[in-house]
Amino acid sequence: MLVSGLLGVIAVLMIARALASRGPDLTFSVRNIAPVAAGMGAFALLSAHVNTMLGIFAMVFVVSLAGSTWSWRHNLATAAVLTAIAWALQLLLGLNLGLI
């Protein structure tokens with residue numbers, strides 16, 4: 001409860017600071033939002049019906065379409081690191097993530 005309260009206070013302070021200062025305007029583009037939503041959906045579907053590792057790789061490659069540059073090496077490295085983190089969570093914390 002204490003941590004939640006502190007995070008709430010920090011959030012309110014961040015919002016107040018953002019409203020008080022004038023920064024660059026945010027622009028939203030469907031071209032950037034659609035791949036992120038599709039990647040999250042692919043992760044959820046593949047994790048539920050196939051396995052989480054395939055869901056991670058699909059999510060990384062689909063979400064990367066929202067970026068300005070695309071590199072299969074960078075995507076592969078990102079997916080490998082996320083998979084390693086998932087393995088660590090499964091082995092160290094005993095979480096059942098369905099990686100295989």
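Predicted model: local features only at pLDDT ≥ 70, side-chain atom pairs only at ≥ 80, totals over all residues.
**Overall form**

The protein contains 4 helices and 0 strands. Along the sequence this gives the pattern α-α-α-α. The radius of gyration is 18 Å, well over the 13 Å that the globule rule gives for 100 residues, so the protein is more spread out than a compact globule. The C-alpha trace spans about 50 × 40 × 25 Å along its principal axes. Of the 100 residues, 16% count as buried. Taking contacts between residues at least 6 apart in sequence, 41% join residues at least 24 apart.

**Helices H3 and H4**

Helix H3 covers residues 52–63 and helix H4 covers residues 72–93. The two helices pack at an angle of about 145 degrees, and their axes lie 9 Å apart. Their crossing is right-handed. On the H3 side, the contact is made by Met-53, Ile-56, Phe-57, Met-59, Val-60 and Phe-61. On the H4 side, the residues are Trp-72, Asn-75, Leu-76, Thr-78, Ala-79, Ala-80, Leu-82, Thr-83, Ala-86 and Trp-87. By type, the residues of this contact divide into 13 nonpolar, 3 polar and no charged.

**Single residues**

| Residue | Relative accessible area | Class |
|---|---|---|
| Asn-51 | 17% | buried |
| Ile-56 | 6% | buried |
| Asn-75 | 4% | buried |
| Thr-78 | 29% | partly exposed |
| Trp-87 | 28% | partly exposed |

Ile-56 lies in helix H3. Which residues does Ile-56 touch, leaving aside its neighbours within four places in sequence? They are Phe-43, Ala-79, Leu-82, Thr-83 and Ala-86. Ile-56 counts as buried because its relative accessible area, 6%, is under the 20% cut-off.

Asn-75 belongs to helix H4. Its relative accessibility is 4%, so Asn-75 is classed as buried. Beyond its neighbours within four places in sequence, Asn-75 is in contact with Val-60, Phe-61, Ser-64 and Trp-70. Val-60 and Phe-61 are also among the H3 residues that make the contact with H4.

Thr-78 is another residue of helix H4. Its side chain reaches the backbone oxygen of His-74 at 2.9 Å. Thr-78 and Val-60 are 18 residues apart along the chain, and their C-alpha atoms are separated by 7.2 Å. Is Thr-78 buried or partly exposed? At 29% relative accessibility, Thr-78 counts as partly exposed.

Trp-87 is found in helix H4. Trp-87 takes part in the contact with H3, yet it is partly exposed, with a relative accessible area of 28%. Trp-87 and Met-14 are 73 residues apart in sequence, and their C-alpha atoms are 34 Å apart in space.

Asn-51 sits in the loop between helix H2 (30–49) and H3. A polar atom of the Asn-51 side chain lies 2.9 Å from the backbone nitrogen of Leu-54. Asn-51 has a relative accessible area of 17% and is therefore buried.

Definitions and conventions: Residues numbered from 1 in each chain as written. Heavy atoms only, no water. Axes fitted to C-alpha atoms, helices over the stretch in contact; angles between N-to-C directions. Left-handed = near helix turned anticlockwise from the far one by under 90°. Contact = heavy atoms within 4.5 Å. Nonpolar A, V, L, I, M, F, W, Y, C, P; charged D, E, K, R; others polar. Buried < 20%, exposed > 50% of the residue type's maximum accessible area, 1.4 Å probe, protein only. Polar contact = N/O pair within 3.5 Å; in protein donor to acceptor, adjacent residues only side chain to side chain. Rg over C-alpha atoms; globule rule 2.2 N^0.38 Å.
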